[in-house]
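Let's take a walk through a protein model together, one stop after another. Have a look at the picture first, then read on.

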Amino acid sequence: MPDAKGRRIALGCEGSANKLGIGIIAHDPLTGEPTVLSNVRDTFVSPPGTGFLPKDTARHHRAYFVRVAKKALEAAGVSISEIDCLCYTKGPGMGGPLTSVAVGARTLALLWGKELVGVNHCVGHIEMGRAITGATNPVVLYVSGGNTQVIAYAEQRYRIFGETLDIAVGNCLDRFARTLEISNDPAPGYNIEQLAKQGGRVLLDLPYAVKGMDCSFSGILGRADDLAAQMKAGEPGPDGEPFTPADLCFSLQETVFAMLVEITERAMAHVGSNQVLIVGGVGCNERLQEMMGAMAAERGGSVYATDERFCIDNGIMIAHAGLLAYETGFRTPLEESTCTQRFRTDEVFVKWRD
Amino acid sequence: MDTSPSSPPTKKRKMATDTTAAEQEHQFPLPAILTHPSATPPILITQGAEGRLYKTTFFSPNIPCALKYRPPKPYRHPILDARLTKARLAFEAKVLERCRREGVPVPAVYAQNAAAGWIAVEWIEGAPVRVKINEWLGQRPKNEEEEKAADAKDQGPLVELMKRIGAAIAGLHRTGVVHGDLTTSNMMLRPPTRKTTRTTEQPNGVSEEEAKAKLLEGYVVIIDFGLANQSQSDEDRATDLYVLERAFASTHPRAENLFEHLLESYKQTFGKKGVSVLHKLEDVRMRGRKRSMIG
């Protein structure tokens, strides 16, 4: 039921990858204006040179679920009776971690007698990005460890115009961080970005794989790994001088981000939009934001991006997207409150937009 | 602006972006080649994601040409940008020349400077197939029942056009080239002779029916090879057709059911290989371009 101010309140649980996030959001009943009441996150960080495995990540989420939920409730200062619905990530994501969080959300729903709303993770990112930046109808670049998509809204669906044909751009960066044995704390991509700032003496030659509005990253990763091996063996770079991990990070970023900006520009030209919104964990990267900004400026438009609180997986985006669906009458009955590793962005019927 | 005596009046030729060269210069810096004092003042035709298309002349003021310019991208590292622009333009020119040699209807390459980012090709008269089809569909009864009745008997010219498109694509694929971005915007309908063009454009004294019948006449010329690739695989050829099929359905929903004629003619022109490409197309359709993803 609405709180004292008549606001509708939702709690969202996210855990499709290595971040466990629980957040609470309120929507103004008249304007629909969202207010973030709390946004708590706990990240499972694996040692340098390794990635997060589903089994260990699921265990992390199970171990921290109650702690994170309690913290979110305290920070929001709302009582359980004021919460209207419980939202959770239905997919896409890693099976084990998704299941852990779905079980957690289901338990809270039964415990508190609330209705459940299953949310598409990608739609969560898009809706939160729109709400925070105020971009009305942007072309969306969704870039994270698991997803790389160029999306535009048309007739009640977020339609995918282009996407990766193999691994996600974030996965490419994460795995390259492992090759270089860079720390995974706070995130491998963040550390690559910092290292890249020291590079730039040379641009190492990497493949450039754009196919129409789609792109591919696995070949680039393979070549970058080869170059890293050359570097470790003490072999010189193309100009006969030795190169450093910073040069490698710089070259990798320049290449893959140029590809992302190019496919986004193509989608913008196609749908005739000059707004672009970047969401997902890789969207925090300031070099990517800068490059996207240069492209958008040339087209007479602008780029919208958020910071790590909303770019990186979080509970609040699930709460927000879930509450939007809830307000249109959408519910996920307990017996259907499953989760799935495969759940395409364009499968969701977006009833809350015109 | 357009000094070419053989082409129709400039007013007709210019498209939506109807600005003078001076205004454009302010808006977009011109490539060096177009700032040469003897250059015919260019008209900006389109501003795509890839680059800009200008209409100007080549060699003599009465040979119109299309100049495609890929400006440097400010977001891209200059070395990477130069490498990409050069490779893509050189490849585009190579593909066009190859098609031309094999008799595929594409614009001829007049000149190129890949390092400077431009390529000059033959100017194709006429209008994009998309425009012509929509014009033709627009003249047909709006009422659904009337349309159904009309469909049966007078879709003839459009069916003929679909067949010509199918044959043109088969010809392209036979040379070992896939286009990469087939849409009805990337095909021109070149009028058979200048004389007939005039009559179609000024239907004075010509009955409406006659004008309408002439609307879809002409040769199909495939343009814009910016995303083309060399490939002989059924998979790539089928994907080329699939991209066109999807684009066609979203651009001309009222004529979606006529797409089969295009495929049929593709198969007939291409023979045995065409059969296996169409077979592959079934797979590609089932799979969709979009796979389901994890995480």
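Leu252(A) touches Cys172(A), Leu173(A), Phe176(A), Leu206(A), Ile220(A) and Ala224(A), leaving out residues up to four places away in sequence; touching, or contact, means heavy atoms within 4.5 Å. Before going on, a word on how to read this: the model is predicted, so local features need pLDDT of at least 70 and side-chain atom pairs count only at pLDDT 80 or more, while totals for chains, interfaces and linings use all residues. Residues are numbered from 1 along each chain as its sequence is written, chains are lettered from A and ligands numbered from 1 in the order in which they are written, and side-chain values use heavy atoms, with hydrogens and water left out.

Back to Leu252(A). Together with Phe217(A) and Leu248(A), Leu252(A) touches the most other members of the largest nonpolar core, which has 57 residues. Helix H7 (residues 245–271) of chain A gives this core its largest share, 13 residues. Apart from this core lies another one, with 53 residues, including Val129(B), Leu158(B), Phe248(B) and Phe259(B). A nonpolar core here is a set of buried Ala, Val, Leu, Ile, Met, Phe, Trp, Tyr and Cys residues joined through side-chain atoms within 4.5 Å. And buried? That means under 20% relative accessible area, with exposed being over 50% and partly exposed in between (1.4 Å probe, protein chains only). Helices (H or I, at least four residues) and strands (E, at least two) are DSSP runs, numbered from the N terminus.

Now for some pairing in chain A. Strands S11 (residues 275–279) and S12 (residues 302–305) of chain A run parallel and are joined by four bridges; for two strands to pair, DSSP must find at least two bridges between them.

What does the UniProt record say about chain A? An unreviewed entry there places the feature "domain: Gcp-like" at residues 41–319 of chain A. Across residues 41–319, chain A is 49% helix and 17% strand, and the end C-alpha atoms sit 14 Å apart. UniProt (again an unreviewed entry) also has a "binding site" annotation, and among the residues it covers are Gly146(A), Asp174(A), Gly189(A) and Asn285(A). UniProt positions are given in the numbering used here, feature names are shortened, and annotations may be inferred rather than shown by experiment. Of the two glycines, Gly146(A) lies in the loop between strand S6 (139–143) and strand S7 (148–154) of chain A, and Gly189(A) lies in helix H5 (residues 188–196) of chain A. Gly146(A) counts as partly exposed because its relative accessible area is 23%.

Most residues other than glycine have a negative phi, and most peptide bonds are trans. Yet a cis peptide bond joins Gly91(A) and Pro92(A), with omega about -5 degrees, and another cis bond, with omega about 0 degrees, joins Asp185(A) and Pro186(A). Pro186(A) belongs to the loop between helix H4 (169–179) and H5 of chain A, and Glu181(A) is found in the loop between H4 and H5 too. Glu181(A) isn't a glycine, but its phi is positive, near 55 degrees. Over in chain B, Phe59(B) also has a positive phi, about 70 degrees. Phe59(B) counts as exposed because its relative accessible area is 80%.

Let's stay in chain B, which has eleven helices and ten strands. Of its 295 residues, 48% count as buried. Is Ser231(B) buried or exposed? Ser231(B) counts as buried because its relative accessibility is 10%. Ser231(B) sits in the loop between strand S10 (229–230) and helix H9 (234–251) of chain B. Its side chain makes a polar contact of 2.7 Å with the side chain of Asp236(B), and a polar atom of the Ser231(B) side chain lies 3.1 Å from the backbone nitrogen of Ser233(B). A polar contact is a pair of N or O atoms within 3.5 Å; within protein, one must be able to donate a hydrogen and the other to accept it, and residues adjacent in sequence count only if both atoms are side-chain atoms.
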